[in-house]
Amino acid sequence: MVCNRCIMAVKQIFQDAGIKVSKIRLGVVETYDEINDTILNKINENLKNVGFEIINDSGTRLIEQIKTTVIDYVYQNEWEEKRNLSDFIVDKIHLDYSYLSSLFSSVESVTIEKYFINLKIERVKKLILYDHKPLTEIAWELGFSSVAHLSGQFKKVTGFSTTYFKQLYNQPNHNSTQGL
């Protein structure tokens, strides 16, 4: 769950099942009461219909917690405080970073750092297309050391220059949500 619409959809599924939600945030739903297996299965079925699922396995839950923490880091601009990603993750999850990194890499077949860069580039795409921000502002906002660094990372991940990407998605007949 990354956006408010996703959170609202999940909340509605719980409410439709008669479950009162006490707190809902990225990757976590807290309820006032215990949920029996029958209702939990129905909720999970409805969540799957909208692209979510309940995670029961502790390793999978930890991977999702890492992902959620990295998403928080990307969208909350924590690098402005000059906080290292690994320190941020350890502060949030309270486990050794080398363990988390090893687990993440073994399950996801990508390092946490690569996952982080990919998320940042996805955010860059959105800022270019929807917010029409200049690259200097995007580079500063997302903690890139320079526009050249942002452009290099963008090309490495997408295969396109930022200029070409912008031109490609600004064509009149192009569906600008395709490929995002």
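## Overall fold and confidence

The model is predicted, and its chain averages a pLDDT of 85. A score of at least 70 is reached by 88% of the residues. Among the elements of the chain, the lowest mean pLDDT, 84, belongs to strand 2 (residues 28–31). The highest, 95, belongs to helix 8 (residues 147–158).

The secondary structure consists of 9 helices and 2 strands. Read from the N terminus, the order of the elements is α-β-β-α-α-α-α-α-α-α-α. The chain has 180 residues, of which 33% are buried.

## The nonpolar cores

In soluble globular proteins, nonpolar side chains tend to be buried together. In this model, the largest nonpolar core has 19 residues. The members that touch the most other members are Ile66, Val70, Leu85, Ile89 and Ile112. At least two residues of this core come from each of helix 3 (58–75), helix 4 (85–93), helix 5 (97–108) and helix 6 (112–129). Helix 3 gives the most, supplying 7 residues.

Leaving aside residues up to four places away in sequence, Ile112 touches Ile66, Val70, Leu85, Ile89, Tyr97, Leu100, Ser101 and Phe104.

## Packing of helix 3 and helix 5

Two packed helices are described by the angle between their axes and the distance between the axes. For helix 3 and helix 5, the angle is about 105 degrees and the axes are 10 Å apart. Helix 3 is therefore roughly perpendicular to helix 5, because angles from 65 to 115 degrees count as roughly perpendicular.

On the side of helix 3, the contact is formed by Gly59, Leu62, Ile63, Ile66 and Lys67. On the side of helix 5, Tyr99, Leu100, Leu103, Phe104, Val107 and Glu108 take part. Sorted by class, the residues of this contact are 8 nonpolar, 1 polar and 2 charged.

## Two residues with positive phi

Most residues other than glycine have a negative phi, and most peptide bonds are trans. Ser109 is a residue other than glycine with a positive phi, near 60 degrees. Ser109 lies in the loop between helix 5 and helix 6. Its relative accessibility is 67%, so Ser109 counts as exposed.

His132 also has a positive phi, with a value near 50 degrees. This residue is located in the loop between helix 6 and helix 7 (135–141). With a relative accessible area of 53%, His132 is exposed, because the class of exposed residues begins over 50%.

## A glycine in helix 8

Gly152 belongs to helix 8. Its relative accessible area is 37%, and Gly152 is therefore partly exposed. That value lies between the limit for buried residues, under 20%, and the limit for exposed residues, over 50%.

Gly152 and Thr162 are 10 residues apart along the chain. In the model, their C-alpha atoms are separated by 9.1 Å.

Terms used. Residues numbered from 1 in each chain as written. Predicted model: local features only at pLDDT ≥ 70, side-chain atom pairs only at ≥ 80, totals over all residues. Heavy atoms only, no water. Core = buried A, V, L, I, M, F, W, Y, C linked by side-chain atoms within 4.5 Å. Buried < 20%, exposed > 50% of the residue type's maximum accessible area, 1.4 Å probe, protein only. Helix = DSSP H or I, 4+ residues; strand = E, 2+ residues; numbered from the N terminus. Contact = heavy atoms within 4.5 Å. pLDDT = per-residue confidence, 0-100. Axes fitted to C-alpha atoms, helices over the stretch in contact; angles between N-to-C directions. Parallel < 35°, antiparallel > 145°, perpendicular 65-115°, else oblique. Nonpolar A, V, L, I, M, F, W, Y, C, P; charged D, E, K, R; others polar.
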